[in-house]
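Good morning, colleagues. I would ask you to look at the model on the screen while I go through its sheet and some of its helices.

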Amino acid sequence: MTRTACVFTALLAVPVLGPAQTVGPRPHVVIRGIYGGVPQEILDSGRSLQEFGVNAVWLGSGSFTAERVALLRAQQVRVFAEFNTLHVAEYLKDHPDAAPVGADGRPSPPPDGWQGVCPTHESYRRSRMAAFKDLLERFEVDGVWLDYHHGHASWEQTAPNMPDTCFCDRCLRRFQDDSGVRLPDRPTAERAALLLSTHRQHWARWRMDVLTDWVREFRMILDATRPAALLGTFHNPWSDEDFGSARQEKLAIDLRAQAAFIDVFSPMPYHARFGHAGDPQWISRQVAWLGRYLGLTGAAGEQRRIWPIVQISDWGESVPLEQVEAVLDHGSLAPATGVLVFAWGGLRTHPEKVEAIGRTFRALRGPAAPSR
Ligand SMILES: [Zn+2]
């Protein structure tokens with residue numbers, strides 16, 4: 001047994017009363033999830049995921065094994081995969097022509113190390129689609145969530161770093177073919193300057209459409225391979241006004257257009273990491289905006305759903321133990337119908353936080369028999 005599992009067991013042996021619980025049963029919240037791996041320390045302690053109110057687990061697509069899926073199935077939880085779309089940096093070693101090109105006409109350095117890939121590189125796209133299909137064929141997943149489905153950027157921080165890309169010859173050719181806009185036969189830097197000024201709206205529209213078309217193809221593969229599975233996306237949580245429309249203009253994410261293909265939106269309002277450490281209400285404000293934007297209320301039977309992923313583990317900024325309930329409270333208000341916590345890797349050595357998550361998840365579930 002690991003040291004952490006011993007701590008979990010010790011907490012079980014001597015019940016510790018948590019702070020007074022203010023969150024009560026929320027029948028509209030059907031998913032109470034953990035993101036980032038099998039919660040092995042809980043299982044090693046002899047307790048079940050149901051005891052913590054957990055009914056769903058997200059694993060990275062690269063860490064799927066038949067054994068892990070079977071283990072989670074035995075725990076009666078739903079099993080979801082996270083799938084990397086435009087961030088397979090290793091691909092660039094053998095395919096340097098897939099590197100995003102900046103407005104100066106040169107490969108754009110990875111902002112803060114977050115390397116993106118050009119979204120019109122055809123063999124890269126084929127390789128991701130093949131990996132997506134392979135995942136769905138090999139494993140009995142309940143759904144696949146797209147991750148890093150956006151332009152070359154490091155936005156997951158208080159001050160985002162989002163260079164303008166991709167101005168490679170292939171993207172500029174595709175843009176002209178698709179939009180009908182003609183660019184002068186000038187060096188890339190001059191063409192990029194036109195795209196960011198005179199043709200800004202056309203350029204932004206086209207970039208979003210390219211990424212939406214990836215989602216369309218993912219949907220087609222999912223429907224043909226494992227139609228019962230859900231298609232979700234982990235996405236930037238900003239409103240249209242935040243950072244000057246950067247979600248659309250820099251990250252190239254058109255949520256309304258993607259809604260034609262996506263079942264579940266999982267915005268990532270990591271309040272502490274993103275400069276709102278003392279304001280967990282920011283989470284529910286962003287989720288409420290998304291609901292209005294997509295026309296979703298969280299009512300039973302809605303086809304599209306919102307399940308935010310909220311920050312409980314420390315990343316950049318810490319999330320204090322006393323804030324765990326408030327974060328899950330704001331992450332599970334309608335229009336959300338599910339909530340999942342980021343991230344097991346940072347929680348496994350903090351059993352007191354895991355206990356707090358368990359208390360709140362059980363309160364959300366209510367005293368009735370555990371629901372799936
Ligand atoms: Zn490109």
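Let us begin with strand β4, which has both of its faces covered: Gly 143, Trp 145 and Asp 147 on one side, and Val 144 and Leu 146 on the other, are all buried. A residue is called buried if 20 or more other C-beta atoms lie within 10 Å of its own, exposed if 12 or fewer do, and partly exposed in between, with C-beta atoms placed from the backbone. Strands (E, at least two residues) and helices (H or I, at least four) are DSSP runs, numbered from the N terminus.

Please note that this is a predicted model, in which local features need pLDDT of at least 70 and side-chain atom pairs count only at pLDDT 80 or more, while totals for chains, interfaces and linings use all residues. Residues are numbered from 1 along each chain as its sequence is written.

Where does β4 sit in the sheet? Nine strands form an open sheet in the order β7-β6-β5-β4-β3-β2-β1-β9-β8, and the pairing is parallel. β7 (305–306) and β8 stand at the edges with a single partner strand each, so one side of each is left without a neighbour in the sheet. Two strands are said to pair if DSSP finds at least two bridges between them.

β4 (residues 143–147) pairs in the parallel sense with β3 (residues 78–84) over five bridges, and Glu 82 stands opposite Trp 145. With β5 (residues 230–235), β4 pairs in the parallel sense over four bridges; here Leu 146 stands opposite Thr 233.

Moving on from β3, five bridges join this strand to β2, again in parallel, with Ala 56 opposite Arg 78. Strand β2 (residues 56–60) has four of its five residues buried. Three bridges join β2 to β1, which run parallel, and Gly 33 of that pair stands opposite Ala 56.

In β1 (residues 31–35) we find Ile 31. Is Ile 31 buried or exposed? Ile 31 is buried, with 22 other C-beta atoms within 10 Å. Leaving aside residues up to four places away in sequence, Ile 31 touches Asn 55, Ala 56, Trp 307, Gly 338 and Leu 340. Contact here requires that the C-beta atoms of two residues, placed from the backbone, lie within 7 Å.

Helix α11 lies across β6, β7 and β8, running at about 150 degrees to β6. Axes are lines fitted to C-alpha atoms, for helices over the stretch in contact, and angles run from 0 to 180 degrees between N-to-C directions.

α11 (281–294) is also among the elements covering the buried residues of α12, together with β8 (309–311), β9 (338–342) and α14 (351–365). How many residues of α12 (residues 324–331) are buried? Eight of its eight residues are buried, including Glu 325, Asp 329 and His 330.

Finally, I turn to a helix pair. α5 (residues 122–138) and α8 (residues 200–225) pack at an angle of about 30 degrees, with their axes 10 Å apart. That makes α5 roughly parallel to α8, a term for angles under 35 degrees, with over 145 counting as roughly antiparallel, 65 to 115 as roughly perpendicular and the rest as oblique. The residues in contact include Met 129 and Phe 132 of α5 and Trp 214 and Phe 218 of α8.
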